[in-house]
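Subject: Structure for you to look at, with notes

Dear colleague,

Here is the structure I promised to pass on. Please open it alongside these notes, which go through it one region at a time.

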Amino acid sequence: DGSGLVFPKGTWKTAVYESGLIWGAIVNRPGEEDPHVGGSTYRSGLQGGKILSSGEPEDPNLPHVRIYRVRPDVYPGGPWIDLSVEAFDEGKTEIEIRTQYELDWTEWRAIDGAPFEDIDANGFYDPNTDVPGVPGAAQTIWFVANDLDAARTFFMYGTAPMGVEFQATYWEYRNGSFLENLFFRKYKLINKSTLPFNDMYISMWSDPDVGTSTDDFVGCDTTLNMVYAYNADELDQVYDPYPPPAIGFDLLKGPTVQGNQNLSMTAAYYLLRDDP
């Protein structure tokens, strides 16, 4: 029930309420022309876990079906790292934070598609040799989900499941440059149904609230493939006494289509809230 992106870190001032990915397509089923829609907005059409070879969803209650988070400097048997800031943010002890980091390192789901640095170049993840996460990143978050829960997809946008497996990777860098104010997202969508999708659209969805939610402007830069939001006034009640920030969502690499062409941003849209 609260905004999800705190910026700057440690201030409890927030710039984005929620953000996700949505998609829609015509499922090539005889006699059916209605679009199917999935993903996450204020409601989510996803549940945890991959889609098995049988076409059934993985049990979302299994212990390994969770959100994984790793850092290259926090690993089993490694040196003590100050995790006090993360402990404060999450209301846990440093021991609890470190224990979870080490467990995620050991149980990293490379077998399901989670990225890792293959130190020994054998093609398999070994927690004693390899480094989980995006190579060079200061932190990586990964999870896999699917849209096979009809109750969720109907509650979201009123359509049946499509049979999509959704893999999400989030990462960031810490190198003293502007990159420290960015984080990166990569999504992999796999059609694990027996039917092809036609006329598919994929869209980043976000609700940026730059501090106060009722005084924001939005725009897009087609040359940068970027949609951005900024405060309409010089001051913002939430960010006061700081100047309010701006936030952008940049499509660095779009989906690959036939001929290995990376599709750029083709549209940008917004919802105007009808406040009194």
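The notes below cover a helix, the nonpolar cores, a pair of strands, the aromatic rings and a few backbone details.

This is a predicted model, in which local features need pLDDT of at least 70 and side-chain atom pairs count only at pLDDT 80 or more, while totals for chains, interfaces and linings use all residues. Residues are numbered from 1 along each chain as its sequence is written, and side-chain values use heavy atoms, with hydrogens and water left out.

Helix α2

Helices and strands here are DSSP runs, numbered from the N terminus, with at least four residues of H or I for a helix and at least two of E for a strand. Helix α2 covers residues 94-106, and its 13 residues should span 18 Å at 1.5 Å a residue, which agrees with the 18 Å between its end C-alpha atoms; the expected span is 1.5 Å times one less than the number of residues. Its buried residues are Ile97, Arg98, Tyr101, Asp104 and Trp105, where buried means under 20% relative accessible area, exposed means over 50%, and partly exposed lies in between (1.4 Å probe, protein chains only). Seen down the axis of α2, these buried residues fall within an arc of 125°, so they line one face of the helix; the arc is that of the directions from the helix axis to the C-beta atoms. An α-helix has 3.6 residues a turn, so residues three or four places apart point the same way. The cover over the buried residues of α2 includes β6 (68-70), α1 (84-90), β8 (131-132) and β9 (139-146), with contact taken as heavy atoms within 4.5 Å.

Nonpolar cores

A nonpolar core is a set of buried Ala, Val, Leu, Ile, Met, Phe, Trp, Tyr and Cys residues joined through side-chain atoms within 4.5 Å. The largest one has 12 residues, among them Leu21, Trp23, Val27, Phe143, Met162 and Phe197. The elements that give two or more residues to this core are β3 (18-27), β9 and β10 (164-172), and the largest share, 4 residues, comes from β3. Valine 27 is in contact with Glu32, His36, Met162, Leu195, Pro196 and Phe197, once its neighbours within four places in sequence are left aside. A second, separate core of 9 residues includes Ala110, Ala114, Trp142 and Val144.

Strands β14 and β15

Strand β14 (residues 226-231) and β15 pair in the antiparallel sense over 5 bridges, and two strands count as paired if DSSP finds at least two bridges between them. Methionine 226 has aspartate 250, in β15, as its bridge partner.

Aromatic rings

Rings of Phe, Tyr and Trp (its six-membered ring) pair if their centres lie within 6.5 Å, and planes under 30 degrees apart count as stacked, over 60 as edge-to-face and the rest as tilted. The whole structure holds 16 aromatic pairs. One of them is a tilted pair between tyrosine 17 and tyrosine 42, at 6.2 Å centre to centre and 55° between the planes. This pair links distant parts of the chain, since tyrosine 17 sits in the loop between β2 (14-16) and β3 and tyrosine 42 in the loop between β4 (35-39) and β5 (47-48), 25 residues apart. Tyrosine 17 counts as partly exposed, at 26% relative accessibility. Tyrosine 17 is also touched by aspartate 209, which is buried, with a relative accessible area of 10%. Elsewhere, ring pairs link Trp23, Phe143, Phe166, Tyr170 and Tyr187 into a cluster.

Backbone details

Most residues other than glycine have a negative phi, and most peptide bonds are trans. A cis peptide bond joins phenylalanine 7 and proline 8, with omega about -10°, and the bond from aspartate 240 to proline 241 is cis as well, with omega near 10°. Alanine 121 has a positive phi of about 55° and counts as exposed, at 64% relative accessibility. Asparagine 225 also has a positive phi, near 55°, but asparagine 225 is buried, with a relative accessible area of 19%.

With best wishes
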